[in-house]
Amino acid sequence: MTFRKLPAGVQDLLPRECRVLNDVRRRLTIRFEADGYEPVLSAAVDYYDTYAEITNALPQEQMFKFTDSDGKLLVLRPDATLSISRIAATKLQSERARLYYFANKWDAQNAGGVKSREIVQAGVERLGEEGAFSDAQTIAFAVDCLRETGLENVVVEVGHVGYFKGLLEACGLSDAQAEEARRLINAKDGLNAERLLRAAGADEGTRAAVAAIPTLFGGAEVFDRAEALTDNPVARAAVAHLRAVHRILSSLGYDESVCFDLGTVKRLSYYSGIVFSGFVKELGAPVLSGGRYDDLADDFGKHIPAVGFAMGLKRVLVALERQGNLPPAPHPDAAVGCEEGAERAACEVCRRLAGEGKRTVLLAEYGEEALRTVCADEKYFAGKDGVKRV
Amino acid sequence: MIRFALPKGRLAELSADLLKQCGVDTSVLERDTRRLVLESADKKYGFFLVKPADVPVYVESGVADLGIAGKDTLIEEGRDLYEMLDLGIGKCRLCIAGYPSRSDVLTNAHLRVATKYVNTARRVFADRGEEIEIIPLHGSIELAPVTGLADVILDVVQTGSTLKANGLVVLEEVFPAITARLVANKVSLKTGADEILPLIGRLREAIL
């Protein structure tokens, strides 16, 4: 009887939850449009090669795959940013664009735990923009968007992949070693990261710096510590860039909502500059994730610097509920009862009320007395002798 | 309030002692109780007592801010969390053990490995290109080779006395330095930094 069940890691959204989700989408749409973003929607089905043959390929075990009638391998959209980058490089006239989307992505791997395999996202991408101001605006906008959903006490943590890359550059690690080091740093496991570098023959200064990366988080005070740890020009440029981003965010009044972590080294390796994640303390996983990916579109034939972020909307809903900020279950604005023979009158009343923007329910089986017990602001009963307000 | 996921069993007392040294009021843990959720008298700390293998789950999900877990469970579970400190307690080794000479049975196409570390076993042997059959067990792993259920076991070894009593030997140390680690939820560390970071600092001093 598998036809009654769903596969692991996916969910149906029932009306109550779906309503709140749509409400969040509606608020975000208004916000995105107000900031000059245009909507876009990439195809949900795409070629496997688009994601597997690029420089920073997605792991194949992460993708839901199936075969086309001509034998080509297809996937369910595994990453929204990648598909928008493909669109920008191959289909858009201008290289400058601000785009937003509401789209699902699918992750074949994440069954169980706090992760879902069908991820309902909202996101924005700013294409053709460079520099600290663009980064700072995007981070500020990420904070705004999270607040727009109704979340309170939002924290966005900002890092820069250049710091870690710069430190590692000097060590001459193989790709596999570098990935292992990234994983250890991301897990704040400085001890084993240091061991790995020792085995790879890195000098003492670099080892000390890498061992310290996991502790480089907090407010703007981490910049001094980060700079003191290294002479590497790439790493120092990353810190200088973060200083500039911090200065702008400060001047925009976002100090309370932003913190810094140079130990955030994300799995998705297409990021080339700042990276950031959004949190609320009620949820143990990020509700937002983003960063700069200047070289991603190169694989699709054009160089387009870009920065963007995506929100996990189901996580936003869970966080809203835990913060007690979910809107109450709404009752209809108006209810209309009717007796046999007065169907036409009842329908006319309904149409008038709906035309006024009121959520109206027609309760054909309700008599006048039953209608009084219904929870609605306005109630009408259509009888043979006309319509009256109850 | 900082919420801890603490392992029941082998590490329970060691963990509580260590926290006590760092000024955490753990008196509530000393009382014999069947309650699973405990709070310190000053309401600064909450404790969940869970099966050791479940600690990473509680911490990854953010239900607990901090947890104490053996490196063996961290390797096995592979959860997305921060490993903040090597606490140096509960030292052991994760080993492949069996009889000194393995009888090569012709009809036995592959090695049968009994273990409670199913993911780890799969990874370790796959990395060497060895095909194995995993026999998942929950306890008394040593019984498997003795009874012929498996050829070897992958398990933690502390003193090795159980192995010895059953005529088994360590064939290979896969992870020689298994100790208990302090793990943190990735969000809690940022949103609860004021409370959590000083405590981690005190723990770091205590273990030095």
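The model is predicted, so local features need pLDDT of at least 70 and side-chain atom pairs count only at pLDDT 80 or more, while totals for chains, interfaces and linings use all residues. Residues are numbered from 1 along each chain as its sequence is written, chains are lettered from A and ligands numbered from 1 in the order in which they are written, and side-chain values use heavy atoms, with hydrogens and water left out.

**Stop 1: the interface.** Show both chains and select the residues in contact (heavy atoms within 4.5 Å). There are 20 of them in chain A, facing 19 in chain B. Now pick B:Lys190 and A:Asp261, whose side chains meet in a salt bridge at 2.8 Å, N to O. The count between the two chains is 2 salt bridges, each a side-chain nitrogen of Lys or Arg within 4 Å of a carboxyl oxygen of Asp or Glu. The interface also has 3 residue pairs in polar contact, both residues at pLDDT 80 or more. A polar contact is a pair of N or O atoms within 3.5 Å; within protein, one must be able to donate a hydrogen and the other to accept it, and residues adjacent in sequence count only if both atoms are side-chain atoms.

On the side of chain A that touches chain B, strand E7 (155-160) and helix H7 (190-200) of chain A are the elements that give two or more residues. Helices (H or I, at least four residues) and strands (E, at least two) are DSSP runs, numbered from the N terminus. By class, that side has 10 nonpolar, 4 polar and 6 charged residues. Ala, Val, Leu, Ile, Met, Phe, Trp, Tyr, Cys and Pro count as nonpolar, Asp, Glu, Lys and Arg as charged, and the others, Gly among them, as polar.

**Stop 2: helix H7(A).** Which residues of H7(A) are buried? Select A:Gly190, A:Asn192, A:Ala193, A:Glu194, A:Leu196 and A:Leu197. Buried means under 20% relative accessible area, exposed over 50%, partly exposed in between (1.4 Å probe, protein chains only). In chain A, these buried residues pack against helices H5 (161-169), H6 (175-186) and H8 (204-212). In chain B, they pack against helix H4 (71-77) and strand E11 (180-184). Just after H7(A), look at A:Gly201, which takes a positive phi of about 85°.

**Stop 3: strand E15(A).** Select residues 378-383 of chain A; 6 of the 6 are buried, so the strand is largely enclosed by the rest of the structure. A:Glu378, A:Tyr380 and A:Ala382 lie on one side, with A:Lys379, A:Phe381 and A:Gly383 on the other. Strand E13 (334-338) of chain A runs parallel to E15(A), joined by 5 bridges; strands pair if DSSP finds at least two bridges between them. A:Gly337 has A:Phe381 as its bridge partner. Strand E16 (386-389) of chain A pairs with E15(A) in the antiparallel sense over 4 bridges, and the two form a hairpin with 2 residues between them. There, A:Gly383 is the bridge partner of A:Gly386.

**Stop 4: strand E11(A).** Move to residues 288-292 of chain A, where 4 of the 5 are buried. Strand E10 (274-279) of chain A pairs with E11(A) in the antiparallel sense over 4 bridges, and A:Ser277 stands opposite A:Ser289. Strand E12 (306-312) of chain A pairs with E11(A), also antiparallel, over 5 bridges. Here the bridge partner of A:Ser289 is A:Ala310.
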